[in-house]
Amino acid sequence: MTTPGAGGSTQAAEHGPPPGADGVTERRLHPVTPLRRAWAPVAVLVGWAVHDPDQAQRQLTRLTTTHILVGLAVLIPAAGLYGFLTWWFTHYAVTGTELRIRTGLLFRRTAHIRLERIQAIDVTQPLLARVVGVAKLKLDVIGTGKKDELAFLGAGDARALRAELLARAAGFAPETAHEVGEAPARQLLRVPPGVLAVSLLLTGATWGTLLAAAVVPTLLWLATHNLWTVLATAIPLVGAAGASSAGRFVGEYDWTVAESQDGLRIDHGLLDRAHETVPPGRVQTVRIVEPLLWRRRGWVRVELDVAGSSNSVLLPVAPREIAESVVARVLPGVTVPAARDLSRPPRRAARCRPLWWRGYGLAVTDAVFAARYGLLRRSLALVPHAKVQSVRLTQGPWQRALRLADVRVDTGANKTVTARLRDAGEAARLLDSQAERSRTGRRDAPPDRWMA
C-alpha cells in the first residue's frame, strides 16, 4: 500500500476539520506545508525546460519584460493557491487499528495503513525544516518499496504522533496511547566527528573516486580538447567523489545510538537531522564490514538488512568490541564468530577464484549462519536461523568439475547471503542441516512486536 506525501499535526487537531463519519477526529498538516507544495507548478516548468532545453531557450528569447512580469504575476498566485488547496484537502486520522490519510483536490484518495504493519517510524528534519521548526514523519510499512511520509508536522508534534502510533501498535488502548509518550532511551554509543573524518580518509572508495575525478577529465581533455565532453564526465565524477567523502560526513555526523523499548534509536546528520529506529525482531542480516586501512585501528562498520525498512546502517565506524556489543542488542543471544572460527574453502577453490578465495569463510553456530567474503574489504554477514526463508545449493560447470558448491540462504529482506566455494559434500550436508535449523528457529522465535 502506498500513500502520497502527507502529514499532520497533533496541535492542529484542535482547530482542524470536524470528526469524520465514524467519529474519528481528523487532523491537518502544519500551516507551513503549503509553502512546500507551492513549488510543484514551478517544478513542472523546470522539468519541461530541462527536457527540451532548445525549445525553452527559443521561447525565452521571445519574451519581453512585460511578458515576464505578467507571467510571474500569474504563476506566483497560482502556485500559492495550489499549495493552499492541497494542504486544505489533506487530512489524517489515527484510529485504534490504522493510520488513515485522505488527499486529493479533484480526485479523492484515502489510504489505510494498518498499525500492525508499521515496522519503523522515523522523524527527519531537513535543514530548512529545522529552521522553521517542523519535521517529517516517515513510516516503514510491510509490503511497500518506499517510506510513506507525513510532511510537515511541528517538530514536537511529530515525536508525539510517533509515540502514539507506536503505543497503539504495541496494543495500548486508544484512549491512553497518547499519554504513554516516547519510551525512555539509554545512549549506547556516539561517534566522534574526528573519528568519522579519519575513517572516511582511510576508505579506499573515497580516494578512488577523488583520483578518478582528477585523472579522467584531464585525459579526456588531452585526447579531445572538447570542453563539453570533459564537463559531462567531470561533473558526475566530482559528485560521486563528494558523496563518498563530504556527503557521508555530513549525513553521518554526530551519529548516536540509544536503546529503548521500541528498538535501537539512531540520530545523525549535520544539516538534515534524522531520528530513526531499528525495529525489534525485524533485522534479517547484520554485516560487519572491515576495510583494509581500518584493521590496524580495529575499526568496523555495521550494516543491516531490515524487513520492511530502508534503514541500512547501524554504525558508520566503531571499535570492533563496541560494535559487537551493539550487534548483541540487535540480535539477542548472538555472538559474533571470531576470525579463527571461520573455516576456509578447500585449497582447490583457488582454481575458481585465485587469491580471492582466501577471503571466504563460513561458521554455523546455534544462533546464526555466518559467511565472510572479500579480501581487501572484508564483510562478515550474520543471518539468524529464524530469518532464513529458503536455502539453495548452486554449482557451475567448473565448480562441479572441482567438487565445489555455493550454499545460499535467502532472508525476509529479499537479500541473499552466500557461503562460497565449499566442498560439495559439505555443502550438501549444510543444505539439509540449515533447512532444519531454520524450521526450528522460526518455531521458537518470539513474536515481532513493538515494545514487547
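In this predicted model, Arg439 and Glu436 are joined by a salt bridge whose closest N and O atoms are 2.8 Å apart. Both residues belong to helix α13 (residues 424-444), where a spacing of three residues separates them by about one helical turn. Arg439 is partly exposed at 47% relative accessibility, and Glu436 is likewise partly exposed, with a relative accessible area of 41%.

Salt bridges that share partners also build a network, which joins Arg248, Glu252, Arg287, Arg301, Glu303, Asp305, Arg377 and Lys415. Within this group, the side chains of Arg287 and Glu303 form a salt bridge with an N to O distance of 3.5 Å. Arg287 lies in strand β11 (residues 283-290) and Glu303 in strand β12 (residues 299-306), so this contact ties together parts that are 16 residues apart in sequence. Both Arg287 and Glu303 are buried.

The structure holds 24 salt bridges. One of them links Arg329 to Glu259, with 3.0 Å between the closest N and O atoms. Because Arg329 is in helix α11 (residues 320-330) and Glu259 is in strand β8 (residues 256-260), the pair ties together parts that are 70 residues apart in sequence. Arg329 is partly exposed, its relative accessible area being 39%; Glu259 is also partly exposed, at 25%.

Attention now turns to the aromatic side chains. The structure holds five aromatic pairs. In one of them, the ring centres of Phe84 and Trp87 are 5.8 Å apart and the planes meet at 50°, so the pair is classed as tilted. The two residues lie three positions apart in helix α4 (residues 65-88), about one turn of the helix. Phe84 is partly exposed, with a relative accessible area of 37%, whereas Trp87 is buried at 14%.

Phe84 also pairs with Trp88, and here the arrangement is stacked, with 5.9 Å from centre to centre and 25° between the planes. Phe84 and Trp88 are four residues apart in helix α4, again about one helical turn. Trp88 counts as partly exposed, at 37% relative accessibility. Together, Phe84, Trp87 and Trp88 make up one aromatic cluster.

Which charged residue sits over the ring of Trp87? The charged end of Arg28 does so, at 5.9 Å from the ring centre. Arg28 also lies over the face of Trp88, 3.8 Å from the centre of that ring.

Definitions and conventions:
Residues numbered from 1 in each chain as written. Predicted model: local features only at pLDDT ≥ 70, side-chain atom pairs only at ≥ 80, totals over all residues. Heavy atoms only, no water. Salt bridge = Lys/Arg side-chain N within 4 Å of Asp/Glu carboxyl O. Buried < 20%, exposed > 50% of the residue type's maximum accessible area, 1.4 Å probe, protein only. Phe/Tyr/Trp six-rings, centres within 6.5 Å; stacked < 30°, edge-to-face > 60°. Lys NZ or Arg CZ within 6 Å of the ring centre and 35° of its normal.
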